[in-house]
Amino acid sequence: MVNAIAQMSGTPVLIIGDMVADVYLDGAIARISREAPVLVLDQVEERVVAGGAANVVNNAATLGGTAYAAGVCGTDTSGAALLAVLAENAVRTEGFVRDAAHPTITKTRIIAGGRATVSQQIVRVDREWHTALAHETEEELLAQIRALLPRVRGVVLSDYGSGTVTAHVRRTVIDAARAAEIPSIVDSRYDILRYEGIGYVKQNDAELAAALGRELRSEEDIHAAGRELRERLGADGVLITRGAQGMTLFLSDGSATNIPVSDHSEIFDVSGAGDTCVAVMILALAAGVDPLTAARLSNIASGIAVRKRGTATVAQEELRGALAAIEGGC
């Protein structure tokens, strides 16, 4: 797998989807408010990190790939901050469409703490769209996607349900990837059954159960559901993440391979681990790595991500180190 990591370096991939600015407001607990029984915080720091599809992009960049991003953000300060964060990792952001009618999607987490207390999130405030993309905005996004696709060797559709991946975008990308014979992968929280013809699918077990409308109580249930989803979408492969049970990869040859958790260290935060998984999968597949090796690498990288607090990225050096530790312990 060391050679696979080397192959990923410089591989150009395109990530399309709901670009989110994750905002963290850190505050020190000062007192209880006189206006209501709530904490008053003295703001210490405000940080913006890449979230949603932008976290997939950022991970693809830190893992050594050449990452192109296509999505929609506002002309507001949150949009500017998100673009700046991506620029720090040399992400190619010419595929962004900036639209004043669609403010940047933000998820603001307020973190309270102090010298004698553990910092923890006390509330989250989301700002998302509630209207469809305007026709002009969708057409501009499609034009950017069509211009970028010939430059890349793999493509991701990262659909968080906020409306960037329209039916037209979805169909254009799937058809173009098939025609160009490059790998594609989707991570869709709510609409996975709409992605007929996609190359690969990443779902967690809860999303899989919701998509098929039934409970998955056993190993047999998981395997039956994974195979059903792959067949219904006509996908080359389906990767189901299963928490403490690791992952299971279903391929078109009928195989189903369980991939156990690579590191049983303490889990701090699962936020964004799925994005890391997708980034590794598409980079490896685009570099010509076989699907099972790609899935095993994504499993190791996800194990690194969950040991970090908040939305985080994984560097190629960290992935190399984790792989060396695993192989050294064998």
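Contact here means that heavy atoms lie within 4.5 Å of each other. The structure is a predicted model, in which local features need pLDDT of at least 70 and side-chain atom pairs count only at pLDDT 80 or more, while totals for chains, interfaces and linings use all residues. Residues are numbered from 1 along each chain as its sequence is written, and side-chain values use heavy atoms, with hydrogens and water left out.

Leu82 touches Met19, Val20, Ala21, Val48, Ala50, Ala54, Phe96 and Thr104, when residues up to four places away in sequence are not counted. Leu82 is also among the residues with the most contacts inside the largest nonpolar core, which has 57 residues; such a core is a set of buried Ala, Val, Leu, Ile, Met, Phe, Trp, Tyr and Cys residues joined through side-chain atoms within 4.5 Å, where buried means under 20% relative accessible area (1.4 Å probe, protein chains only). The largest share of this core, 11 residues, is supplied by helix H8, residues 273-286, helices being DSSP runs (H or I, at least four residues) numbered from the N terminus.

Helix H2, residues 53-62, packs against H8 at an angle of about 50 degrees, with the axes 8 Å apart; axes are lines fitted to C-alpha atoms over the stretch in contact, and angles run from 0 to 180 degrees between N-to-C directions. In this contact, Asn55, Val56, Asn59 and Ala60 of H2 meet Asp275, Thr276, Val278, Ala279 and Leu283 of H8. H2 is mostly covered, as 10 of its 10 residues are buried, and the helix is followed by Gly64, whose phi is positive, near 105 degrees.

Methods: Buried means under 20% relative accessible area, exposed over 50%, partly exposed in between (1.4 Å probe, protein chains only). Helices (H or I, at least four residues) and strands (E, at least two) are DSSP runs, numbered from the N terminus.
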